[in-house]
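Take a look at the charged side chains in this predicted model. Which of them pair up, and where do they sit?

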Amino acid sequence: MAEETNSTNPDETKTQGEAGEKQPAAAEVAPKAEAAALPKRPAEKKTAKPKKEQPAPAAGAPESLSLSTEEVDKPKIVKAKGSKNVHSGVAHVLATFNNTTVTITDLKGDVIGWSSAGKVGFKGSRKSTAYAAQMVAQDASRQAMGHGLKEVEVLVKGPGAGRESAVRALQAIGLDLTVIRDVTPVPHNGCRPPKQRRV
């Protein structure tokens with residue numbers, strides 16, 4: 001019996017000891033929380049001082065902004081996969097009754113950038129408009145300027161409505177037009193015409 005009480009008493013003492021330890025721990029936590037709350041207020045004041053010091057780097061911020069604008073221009077060149085340093089090229093403008101396509105190549109004939117009215121987002125009869133041709137020329141020239149294009153020789157083909165507007169858009173975006181040529185194929189008694197239609 002005494003042994004049993006002794007065996008139960010240590011457990012009780014352990015539980016009491018554990019409870020005793022828990023209580024002081026909880027009691028210690030409360031003062032620590034209060035103590036931590038008091039230094040936080042001065043710490044906030046300390047953090048306020050660096051905020052006052054931060055405007056000094058902000059004075060140098062305009063310089064970083066100017067650098068950031070240059071960095072924005074550089075990614076446009078980097079975005080062109082396998083970018084080539086092409087200064088002069090050829091812009092092929094195909095203006096048909098249904099669509100307008102602008103392809104810009106280097107002097108060898110390798111394509112640097114291209115676009116069409118469908119690629120830009122026009123559908124149906126809007127693809128053959130002059131405004132669509134203007135947007136197509138701008139899109140293609142931006143791609144080509146990513147490769148460093150500055151001078152362009154323009155070859156216009158087809159009887160579409162976007163002939164002139166595409167050429168004007170190439171000039172407006174900042175490319176130098178050296179030559180504008182019309183290379184529309186004209187039949188000169190070549191292919192035999194189809195036989196007459198019977199009604």
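Start at the surface: Arg 168 and Glu 164 are both exposed. The two form a salt bridge, with their closest N and O atoms 3.9 Å apart. That pair counts because the cut-off for a salt bridge is 4 Å between a side-chain nitrogen of Lys or Arg and a carboxyl oxygen of Asp or Glu. Both residues belong to helix α6. They are four residues apart, which is about one turn of the helix.

Now move to the pair of Asp 182 and Arg 163. Their side chains meet in a salt bridge at 3.3 Å, N to O. This one links distant parts of the chain. Asp 182 lies in strand β5, while Arg 163 lies in helix α6, residues 163-172. The separation is 19 residues.

Glu 153 forms a salt bridge with Arg 181, and the closest N and O atoms are 2.2 Å apart. Here too, distant parts of the chain are linked. Glu 153 sits in strand β4, residues 151-157. Arg 181 sits in strand β5, residues 176-182. Arg 181 has a relative accessible area of 42%, so Arg 181 is partly exposed.

How many salt bridges does the 4 Å rule give? The count comes to three. In general terms, side chains of opposite charge can pair when their charged atoms come close.

Conventions: Residues numbered from 1 in each chain as written. Predicted model: local features only at pLDDT ≥ 70, side-chain atom pairs only at ≥ 80, totals over all residues. Heavy atoms only, no water. Helix = DSSP H or I, 4+ residues; strand = E, 2+ residues; numbered from the N terminus. Buried < 20%, exposed > 50% of the residue type's maximum accessible area, 1.4 Å probe, protein only.
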